[in-house]
Amino acid sequence: MVLVWTACDSVHHGTLPCEGDDCIAVLSDGVDSEISSSSIDDDSPESSGSSSSKDKNKSSSSVEKSSNSSSSSTHRWQRHSSSSNGTKDTTHVEKTSSASTPVTSSASHTPSSSISLPTSSSVEEQPETLPECNAASEGRAYTLAGVLYYCLSGKWETDVQITEGVTCKDGVLNLKKVRAYKPMFAPAADSDSVATSVYRREGVRISGVAQKGPFQAGASIKIVELDSAKRLAETRRTHEACIVSANGTFAFDGVDLVSPYAKVEAYGFYRDELTGRQSSSLLKLNAVVDLSKRDSFNVNMLTHMAAPRVLKLVQDAGNNQPIGSQSGRALSDVLSSFGISLGGSTGGFNGGWNRGGATASSGQKAAEDLSIFDNDDYGAALLAISVMMQSYGSANEMLYFANRVAEDIQGDGNWGDNNTKAKLADKLLKLDSEGGLAKIRRNMESWKLGEVPDFEKYVRSFWTRTHNFETCGTMNAGQVKHVNNSQSEYFVSYYEQPDGPRIRFICDASTKSWRVATDLEKDTYGLKGDYNGQIKNGIINQNKLYVYDQSKRGWREPLPGEILDFSSVDDVLKSLAAGEKVIFFLRHAERGDDTGKKGHLTTNGKKQSQTVGEMFKGEDIYFANSTYTRSYETCENIALGAGITAMGNDTIPELDGEWFVKDESKFEEYKNSDGGGWVVTSAYAYRGSYSDAFYPMKSRGDEYIAEVVKPRFEKVNKVAVWISHDMLVVPLVVYCTEGKVNLRYFDTKQWINYLAGVAIIMGTDGSIRYVPVKGLSSGTMTM
């Protein structure tokens, strides 16, 4: 198939520019030879005599970097236009290209016999599929995973040899039967359109790439010439073409420019960096370019945002300066507004946000020179800002936001809306914390269109500096911070604030950049470790526990089974195997202020006991209590809740609480001097402290199980409930669980809750196992 593309280059008086069937690609069979790749190189923008600027050559490099062709096709391009005097200006050009190579061409050619429509190298599969190819979609093109597919005769094809026409409208590329073809010739421009005596260029070959992510096949490129005599007003002189590749490359051949100044519009679907797929909505990005000394330019998010600033700078200069002289300054101002300093921009963060006035250095690039696949700081900055804008929402939301920012920058060269900056920083913070930046990199690398630059550093720099984080470096590596920007939705007043957002950030020692801190990092930051195996609750996530490893002088996540939580009485009861018996060894329910033997339960304590008793309905329970009144009342109310009217119980003095105490006077002395019985008892249970006041816990615990507990299992049919006191329950639970529950009041201020303790379970073979157990919602209380 031979493709003869008709790009509109017309002046319309009171009529619409050509679109749809007016701008078509004509396919013919009357050609017979193919041009070599070497002749293409000779006619590239780098070697063209009309493209002598070194910077201009660099601007086209983004197109070359996108090249990753798997097959090539020879396009015969035919352009019909009118000159200013109404004469025909027809140029025939032929060139070999692929889906990933820009179509630039020489002024003469040798026709080729046949070509294939462009295809792209296949890339990693995205989680999407081709739509149905049916009569309604006949002739349509669709891009999937970087490959162009054409719906022909009910099948999706990639290698197409067919004589049909190509059109693009609203982002859709179509193949269709060619109707009778009539070249369009527009009438001459009238005197009020553009001056024809200066800056006229004839037969200009223009190429470039349109990117948000790459614009897709079917997107349109429209060049609107601007009238330099009328303050760069748009004229009716336009030039249009379709993108027929999967990487956003476009080309115009033999364009006659009355004015070298132009507004460019790229309109269509694009590849979304965040999703990796084609966008669901159409997008229009603009650029303002000076074609007096360049034949190539790109359209991207930075050209779109810099365009209003370019025009304002020209206006401020009395409309006496060429657009090209202000393009670098405009780019510098946009970058500076995002805190990026390249080629003379100030970075915008010195003592607050910069208020314009940055003067670009002589080496400053223009936005139209850049590509998201340029593997340098400029490419990284373009991709970063493109990602920033995309993070704001859908294509429409993104464009609305980008236009608002561009409008703010337009006036004085700076984006001064700190509230909106904080909102954007929050979106980027969230994107980063959820792994979005890594996902974007994976998506773009899978396209295989070029190197993906280090855009992450600029995204992270924006949101961290907006939220008042100092530069991350060697001196503050490992520091963890909270967001103290009151305009952020992640703002908290101080690091340990228990309510509000729990996200925190760490200066990564390896990357020298801020990132979201893990739970371990933020929960243990500044937490002091005193002994090996120490367990503490997290600073931010106070329901999480961490273990101190003295050999590494740091905290770690607990190993599986290293820390035991309290299981509910109901769950333990239901989990008993056939023939197993259980004694629920619990602390009494809530008591009043009287801690003596005659002290009673509170009204709430009685309700607590009855609630636990409901879990035992239908069970034959063996009750045992200490010599204290509140212990008996707890048994009594549990029985009431279980529906037991006549409670049979034993009073066991060994439940009173002094079993582990060796010297009562020493115990009282330490209680008075070291902060009370809870501090002393927990330090003894976990650290072996106060050995002159207590028995060795292991041997004393063994004795309790052997002498007090095991013999009484003979009285248990299936379930027993024994009610004791915290001074016995705490060391006994620590003994039974080998210290795997956290009742370290001396350290973490956690103590055994009411109606919590340990389930002592005997198997049919007489073996004993232990499960920490709770009757209420929590097994511990924090004091």
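## Ground rules

Contact here means heavy atoms within 4.5 Å. Keep in mind that this is a predicted model, where local features need pLDDT of at least 70 and side-chain atom pairs count only at pLDDT 80 or more, while totals for chains, interfaces and linings use all residues. Residues are numbered from 1 along each chain as its sequence is written, and side-chain values use heavy atoms, with hydrogens and water left out.

## Ala233

Let's start with Ala233, which sits in strand β13 (residues 233–242). Strands (E, at least two residues) and helices (H or I, at least four) are DSSP runs, numbered from the N terminus. If you set aside the neighbours within four places in sequence, Ala233 touches Glu225, Leu226 and Asp227. Lys263 is 30 residues away from Ala233 along the chain, and the two C-alpha atoms are separated by 9.8 Å.

The cut-offs are under 20% relative accessible area for buried and over 50% for exposed, with partly exposed in between (1.4 Å probe, protein chains only).

## Asn247

Asn247 belongs to the loop between β13 and β14 (249–257). With a relative accessible area of 1%, Asn247 is buried.

Which side chains does the side chain of Asn247 make polar contacts with? One is that of Ser245, at 2.7 Å, and another is that of Thr249, at 3.0 Å. A polar contact is a pair of N or O atoms within 3.5 Å; within protein, one must be able to donate a hydrogen and the other to accept it, and residues adjacent in sequence count only if both atoms are side-chain atoms.

## The disulfides

How many disulfides does the structure hold? There are three. A disulfide is a covalent bond between the sulfur atoms of two cysteines. The cut-off used to call one is a pair of cysteine sulfur atoms within 2.5 Å.

Take Cys133 and Cys151: their sulfur atoms are 2.0 Å apart, and the link is right-handed, with 95° about the S-S bond. This pair links distant parts of the chain, 18 residues apart: Cys133 is in the loop between β5 (88–97) and β6 (141–144), and Cys151 is in strand β7 (residues 147–152). Both Cys133 and Cys151 are buried.

## A link into β13

The torsion about the S-S bond of Cys168 and Cys242 is about -90°, which makes the disulfide left-handed. Cys168 lies in strand β9 (residues 165–169) and Cys242 in strand β13, so parts that are 74 residues apart in sequence are tied together. Cys168 counts as buried at 12% relative accessibility, and Cys242 is buried with a relative accessible area of 6%.

## Cys472 and Cys507

The sulfur atoms of Cys472 and Cys507 are 1.9 Å apart in their disulfide. Why is this disulfide right-handed? Because the torsion about the S-S bond of Cys472 and Cys507 is about 85°. Cys472 is in the loop between α9 (456–466) and β17 (480–481), while Cys507 is in strand β18 (residues 505–508), so the pair ties together parts that are 35 residues apart in sequence. At 8% relative accessibility Cys472 counts as buried, and so does Cys507, at 1%.

## Two further cysteines

Cys635 has 0% relative accessibility and counts as buried. Cys736 is buried too, with a relative accessible area of 8%.
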